[in-house]
Structures are given as structure tokens and as C-alpha cells.
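Please look over the fold of this chain. The report below takes the model from overall make-up to single residues.

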Amino acid sequence: MINPDVIWITSVAGLLVIMGTMISRLPSPRDFTPPSIGISYPDEGATVQGNVDIGVHATDSSGIDRVEITLNCTQPIANFTHPPYTIVWDTTPLAVKRYQLCVTAWDAAGLSSRVTRDVFVTLQKPIMAIQ
């Protein structure tokens, strides 16, 4: 049986000669492809209020290391290290205006991708008791 950790070479005369032993195996091919990500909901340009579901999907051949959701690409909303990448976002403390949801995903090779989605936050309608 030939040892796979030893490098062999055959001469023209048919003699088998050991050239040396392998010091290490070749590394796995480097991952040059960033993750594929998207925002499942809310929709682009959606008008939202109160508690809003945010859903993200992320895939990569080397695996997803983490996913981060931020408001206007600066204020953290959520961080995930495994799926599902969903959260309920409380918009009640926010001013009425347009905001940008930013989602960044990193794969196991350290590559990242970012997608954004604009949403418009409105005031939540007050609940009035009728007597």
C-alpha cells in the first residue's frame, strides 16, 4: 500500500524512488464569493408603524458567520449568528420620516455583502375608548 503522505516518483528504469515526505496538505480553495443576502420583508418603500417584522435571508457556500441589521447603516437593530434572521422592530420611539434598513452578512471566509431597504415610519394611531 502506498502511503498518501509520501511523495513518490517513478524513474525511466521502473524503479520507485522516495523524493520526500509531505510537510502539509494543500489548503482548501480560497472563497472569493461574498454571501448572497436579501430582505424578505418589509417591502421596499413600505409605510410601517408600531411593531414591524423584519426578515432576512442569507446563504453562502462557506457558511454564514453573522448577519447584522442596522437603522440608517449605523444604529444596531439586531445581530444573528444563525438562522432564522428575523426580528420584531419597535418603531414607536422613532420620528415620522424615511429610514433605511441595512443588512450586512459575513461568511466564514470573512467576506461581506450589504443590502438596503427604504421604509417610511408613520405615527401609530391612538386607541380611543368609546363610552
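What follows covers the strands, the sheet, the disulfide, the core and some backbone details.

## Overall make-up

This is a predicted model. The chain holds zero helices and ten strands. Along the sequence, the pattern reads β-β-β-β-β-β-β-β-β-β.

Of the 131 residues, 30% count as buried. The chain exposes about 9100 Å². Carbon and sulfur atoms supply 58% of that area.

Five strands form an open sheet in the order 4-10-9-6-7. The pairing is mixed. Strand 4 (46-48) and strand 7 (75-80) stand at the edges. Each has a single partner strand, so one side of each is left without a neighbour in the sheet. Neighbouring strands are turned by 30 degrees against each other on average, direction ignored.

Strands of a sheet pair through backbone hydrogen bonds, in either the parallel or the antiparallel sense.

## Strand 10 and its two partners

Strand 10 covers residues 112-121. With strand 4, the pairing is parallel and runs over three bridges. Ala-46 stands opposite Val-119 of strand 10. Thr-47 stands opposite Phe-120 of strand 10.

With strand 9 (residues 97-107), strand 10 pairs in the antiparallel sense over ten bridges. Here Gln-100 stands opposite Asp-118. Strands 9 and 10 form a hairpin, with four residues between them. Gly-110 sits in the turn and has a positive phi of about 90 degrees.

## The disulfide

How many disulfides are there in the chain? The count comes to one. Cys-73 and Cys-102 form this link, with their sulfur atoms 1.7 Å apart. The angle about the S-S bond is -75 degrees, and the link is left-handed.

Cys-73 lies in the loop between strand 6 (64-71) and strand 7, and Cys-102 lies in strand 9, so the pair ties together parts that are 29 residues apart in sequence. Are the two cysteines buried or partly exposed? Cys-73 counts as partly exposed because its relative accessibility is 25%. Cys-102 counts as buried because its value is 0%.

## The nonpolar core

The largest nonpolar core has 22 residues. Which of them touch the most other members? They are Val-48, Val-56, Ala-58, Val-67, Tyr-85, Trp-89 and Val-103. Eight strands each supply at least two residues of this core: strand 3 (36-41), strand 4, strand 5 (51-59), strand 6, strand 7, strand 8 (85-90), strand 9 and strand 10.

Leaving out residues up to four places away in sequence, Val-103 touches Ile-37, Ile-39, Val-56, Val-67, Glu-68, Ile-69, Ser-113, Arg-114 and Val-115.

Ile-77 counts as partly exposed because its relative accessibility is 22%, and the buried class ends at under 20%. Neighbours within four places in sequence aside, Ile-77 is in contact with Ile-69, Thr-70, Leu-71, Ile-87, Trp-89 and Leu-101.

Ile-77 and Val-103 are 26 residues apart in sequence. In space, their C-alpha atoms are 9.9 Å apart.

## Backbone details in the loops

Where do the cis peptide bonds fall? One runs from Tyr-41 to Pro-42, with omega near 5 degrees. Pro-42 is in the loop between strand 3 and strand 4. Another joins Pro-83 and Pro-84, with omega about 0 degrees. Pro-84 lies in the loop between strand 7 and strand 8.

The loop between strand 6 and strand 7 holds Asn-72 and Cys-73. Asn-72 is not a glycine, yet has a positive phi of about 55 degrees. At 30% relative accessibility, Asn-72 counts as partly exposed. Cys-73, also not a glycine, has a positive phi of about 65 degrees. Cys-73 is also one of the two disulfide partners.

Definitions and conventions: Residues numbered from 1 in each chain as written. Predicted model: local features only at pLDDT ≥ 70, side-chain atom pairs only at ≥ 80, totals over all residues. Heavy atoms only, no water. Pairing = 2+ DSSP bridges. Axes fitted to C-alpha atoms, helices over the stretch in contact; angles between N-to-C directions. Buried < 20%, exposed > 50% of the residue type's maximum accessible area, 1.4 Å probe, protein only. Areas by Shrake-Rupley, 256 points an atom, 1.4 Å probe, with all protein chains shown as cover. Disulfide = S-S within 2.5 Å. Core = buried A, V, L, I, M, F, W, Y, C linked by side-chain atoms within 4.5 Å. Contact = heavy atoms within 4.5 Å.
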